Amino acid sequence: MNIVIQKTHRCSLSVEDKLISQIGKGLIVFVGVDQHDTHEIVDYMARKISHLRLFKDENDKINKSVLDIGGDVMVVSNFTLNAVIGSGTRPSFSHSAPPDYANELYLELAEKFRQNGIKHVATGVFGAHMHLDTIIDGPFNIVLEKKAITE
């Protein structure tokens, strides 16, 4: 599983000019599901991201999690995070999970965020061409890969 986390002031997501979801202050979590990903990895990622200290505290130190600030999370499927760039110029996505399995784990990740106590969890539309209108907070981006679990 490959994930990119962005801090956001607010974000809205549309498909074909129709508003699908929106969040306020919190995190956008872009998710690329790999063919070897498991339910255990989803659980780990949800717990890790929910508790990552990415927000400033009263002393201006990055010391609070999205849970601590009562922030929102938007989960967006993004198979291109699994791109492998070899010697050519066209990325390969052969490591991505089959669509049905990828969608299952993507939706499970969103549900795990809710179970971890995040009150507002929004999602995109799996497999759709989406437009995100966001005000990034920072910029502040974190890359979290499945292999980081075992290291």
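How many salt bridges does a search of the whole structure find? The search finds 6. The model is predicted. The tour starts with some of these pairs, then moves to a helix, a pocket and the backbone.

**Stop 1: charged pairs**

Side chains of opposite charge can pair when their charged atoms come close.

Select Asp 60 and Lys 56. They form a salt bridge, with 3.5 Å between the closest N and O atoms. Asp 60 is exposed, because its relative accessibility is 53% and exposed means over 50%. Lys 56 has a relative accessible area of 49%, so it counts as partly exposed.

Next, select Glu 58 and Lys 64. This pair is also a salt bridge, and its closest N and O atoms are 3.7 Å apart. Glu 58 is exposed, at 65% relative accessible area. Lys 64 is partly exposed, at 26% relative accessibility.

Now go to helix H2, residues 99–115, and pick Glu 111 and Arg 114. Their salt bridge has its closest N and O atoms 3.3 Å apart. The two residues are 3 apart in H2, so about one helical turn separates them. An α-helix has 3.6 residues a turn, so residues three or four places apart point the same way. Glu 111 is partly exposed, at 35% relative accessibility. Arg 114 is partly exposed, also with a value of 35%.

**Stop 2: helix H1**

Select residues 39–51, which make up helix H1. At 1.5 Å a residue, its 13 residues should span 18 Å. The C-alpha atoms at its ends are 19 Å apart, which agrees.

Which residues of H1 are buried? Colour Ile 41, Val 42, Met 45, Ala 46, Ile 49 and Ser 50. They lie on the same side of H1, because they cover an arc of only 155° around the axis.

Show what surrounds that set. The buried residues of H1 pack against strand E1 (2–15), strand E3 (26–32), H2 and strand E8 (131–145).

**Stop 3: the largest pocket**

Rolling a probe the size of a water molecule over the atoms shows where empty space is left. Here, the largest pocket holds about 360 Å³ of space. Its lining has 19 residues. Select Ser 77, Asn 78, Phe 79, Gly 127 and Met 130, which are the closest of them to the pocket centre.

Which elements each supply at least two residues of the lining? They are E3, strand E6 (72–77) and H2.

**Stop 4: backbone exceptions**

Most residues other than glycine have a negative phi, and most peptide bonds are trans.

Zoom to Gly 138 and Pro 139. The peptide bond from Gly 138 to Pro 139 is cis, with omega near 10°. Pro 139 sits in strand E8.

Finish at the loop between E1 and strand E2 (18–23), where Glu 16 is found. Glu 16 is not a glycine, yet its phi is positive, at about 50°. Its relative accessibility is 74%, so Glu 16 counts as exposed.

Step on to Asp 17, in the loop between E1 and E2. Asp 17 has a positive phi of about 65°, and it is not a glycine either. Is Asp 17 buried or exposed? Asp 17 is exposed, with 76% relative accessible area.

How values were computed: Residues are numbered from 1 along each chain as its sequence is written. This is a predicted model: local features need pLDDT of at least 70, side-chain atom pairs count only at pLDDT 80 or more; totals for chains, interfaces and linings use all residues. Side-chain values use heavy atoms; hydrogens and water are left out. A salt bridge is a side-chain nitrogen of Lys or Arg within 4 Å of a carboxyl oxygen of Asp or Glu. Buried means under 20% relative accessible area, exposed over 50%, partly exposed in between (1.4 Å probe, protein chains only). Helices (H or I, at least four residues) and strands (E, at least two) are DSSP runs, numbered from the N terminus. The expected span of a helix is 1.5 Å times one less than its number of residues. The arc is that of the directions from the helix axis to the C-beta atoms. Contact means heavy atoms within 4.5 Å. On a 1 Å grid over the protein atoms alone, a cavity is a set of points where a 1.4 Å probe fits but cannot get out, and a pocket is an open set with protein on both sides within 12 Å along at least five of seven lines; lining residues have an atom within 4 Å of a point. Grid points are joined across faces, edges and corners, and a volume is the space filled by probe spheres set on the points.
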